[in-house]
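Good morning, everyone, and thank you for making time for this. I would like to walk through one protein chain, going from the overall fold to a few individual residues.

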Amino acid sequence: MAKYVIALDQGTTSSRAVVFDEHAQIVAMKSYEFEQIYPQPGWVEHDPTAILNTQVDALREAVRISGISVEEIAAIGITNQRETTLLWDRETGRPLHNAIVWQCRRTAPIVKKLCDDGYEPHIRRVTGLVPDAYFSGTKLSWLLDHLDVHDRAERGELCFGTVDSFLAWNLIAGRPHVTDATNASRTMLFDIEKNEWDDTLLDALRIPRAVLPKVVDSSGVIGMLDPAILGRAIPVAAIAGDQHSALFGQGCFAPGMMKNTYGTGCFLLMNTGNRIARSENGLVSTIAWRIGGKCTYALEGSVFVAGAAIQWLRDEMKLIERASETEIIANSIEDCGGVYLVPTFTGLGAPYWDMYSRGLIIGLTRGTGRAHIVRAALESIAYQSADLVQAMATDCGRRPAELRVDGGASANQFLMQFQSDVLGCRVVRPAVIETTALGAALMAGLAVGVWKDMDELSRIWRMDLSLAPKMDDAKREASLKGWHRAVERSMRWAQED
Ligand code: ADP
């Protein structure tokens, strides 16, 4: 019986393939980086061919390294960098333009126009999102205008898709034009309650329905892998955006469960069950996954500068040589001695939303040294995440029992303990840190019967590290109060008089 499941994890800087066995243990993994293209300041693109080729190479190589035979592969799941937008020819499959990457700001004027025209309340209510150039809708609108292909799009000659869609089209026999509900929920064109494309926004952005993919479940067989790729037709049985997949891979199946990914930035998602939780604090509502036609929803918030603050200590301030050093340095002192570092290099996100906030270090005294600054940078990652958790708790009316963590910086045990301390709840790290890939693999395996149900999947999740808060309540309150005073000082700084 085929028992291995492969996740294709198509990320912003690399394409990766991970082979999992039936215990959800990693058997082999391979990734290839590809080029980031910056045509103008603030613009970011990827070459679609590079995305596809690196992904196929990673798949073939991971299978080769694993030593398993293709007959033993039960299913393949796709997870992807979200919001990145592609447009290709339905006849030839050829992309009409480079992929416009989620980070790209070129469509900010289109978003401004939507808001000026009064669409903001509609966007918030229907899509669950805050209007922003980050999401795919305005990127597609820009492509149709810029390439002057509205007529062709109307006639159904073109296909729009996010990266999952582009991969499914190219990897699955019969070229299905599909996306899953999680990726659709990041387009700013999708009604997350009705589960369909929203005509008001399609009209506002002059996007014809004929260009849009069919929206499928996150877990479910979409089709068979083109046999030319591995020499055998294998079910492709899952699609989910990376953060959604990580929430699944973290086993956050019950309402109230949440995970935080500590990378360059942080991504915090909380399962809110079959209910769309509406945020009063600037968080977005999104589809966590759709299985059997039923949506589970999530609240999402992000920290713009997390691990990036550590990179800044290393590359600009030259205070450290390696990110991992920060743990030893932080542990070399009792506390920060009243020093706070607010790394709002690009403004402040949820729950503050002040694009004029700029970074600061405050509370300096004659005794402040390198260790205090390094430790304050680590603490800032935990404080910013704690502010998001607090916002979610307020929006949902419940405190989390624990926070599940992953991502590069979750390796830092000082940071994880401090996170537990300022949250006042347990922080748990799983044995398999590749939660994004794991989520897609679990969804794919679920669809083909490698795992039978969500209960079985819950039992697969294994803990590696569990940290309970050690800080007393008085100290926690005082620390958070100091942080909030520092954040307040950073706000409105870049605003011109
Ligand atoms: P991404 O997927 O965003 O590239 P990763 O999950 O690979 O990020 O994590 C890398 C980030 O985590 C970097 O910003 C790095 O500075 C930070 N980082 C990695 N290891 C540590 C560590 N031990 N302590 C603190 N930060 C770390």
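Let me begin with a definition: helices (H or I, at least four residues) and strands (E, at least two) are DSSP runs, and they are numbered from the N terminus. With that in place, Glu83 can be located in the loop between strand 5 (73-80) and strand 6. Before going further, please keep in mind that this is a predicted model, in which local features need pLDDT of at least 70 and side-chain atom pairs count only at pLDDT 80 or more, while totals for chains, interfaces and linings use all residues. Residues are numbered from 1 along each chain as its sequence is written, and side-chain values use heavy atoms, with hydrogens and water left out.

Now to the chain as a whole. The protein chain has 17 helices and 23 strands. Its radius of gyration (taken over C-alpha atoms, with the globule rule being 2.2 Å times the number of residues to the power 0.38) is 22 Å, close to the 23 Å that the rule gives for 497 residues, so the chain is as compact as a globular protein of that length. Along the principal axes, the C-alpha atoms fill a box of roughly 70 × 55 × 40 Å.

Buried residues make up 61% of the 497 residues in the protein chain, where buried means under 20% relative accessible area, exposed over 50%, and partly exposed in between, with a 1.4 Å probe and protein chains only. As for contacts, which are heavy atoms within 4.5 Å, those in the protein chain with a separation of 6 or more come to 72% from residues 24 or more positions apart. The mean positions of the 51 positive and 61 negative charges are 3 Å apart; here Lys and Arg count as positive and Asp and Glu as negative, His and the chain ends not being counted, and the place of a charge is NZ of Lys, CZ of Arg, CG of Asp or CD of Glu.

How is the protein chain divided into domains? There is domain 1 (4-243), and there is domain 2 (251-430 + 462-497), with bounds that come from an automatic or database domain assignment. The C-alpha centres of domain 1 and domain 2 lie 29 Å apart, and 22 residues of domain 1 are in contact with 20 residues of domain 2.

Two helices deserve a look. In helix 6 (residues 163-171), 9 of its 9 residues are buried, among them Phe166, Leu167 and Trp169, but also Asp164 and Asn170. The buried residues of helix 11 (residues 307-315) are Gly307, Ala308, Ala309, Ile310, Trp312 and Leu313, and they pack against helix 12 (325-331), strand 19 (340-342), strand 20 (360-362) and helix 13 (370-396).

The loop between strand 19 and strand 20 holds Pro351, and the peptide bond from Ala350 to Pro351 is cis, with omega near -5°. Thr346 also has its place in the loop between strand 19 and strand 20, and with a relative accessible area of 54% Thr346 is exposed. Leaving aside neighbours within four places in sequence, Thr346 is in contact with Phe304, Val305 and Arg358.

Next, the backbone angles. Most residues other than glycine have a negative phi, and most peptide bonds are trans. Glu83, however, has a phi near 70°, and Asp148 has one near 55°.

Asn98 sits in the loop between strand 6 (85-89) and strand 7 (99-100) and, at 23% relative accessibility, counts as partly exposed. Not counting residues up to four places away in sequence, Asn98 touches Ile37, Glu45, His46, Asp47, Pro48 and Thr85. Gly223, in strand 13 (residues 219-224), counts as buried at 15% relative accessibility. Apart from neighbours within four places in sequence, the contacts of Gly223 are Ile172, Ile234, Pro235 and Val236, and the C-alpha atoms of Gly223 and Arg175, 48 residues apart along the chain, are separated by 8.9 Å.
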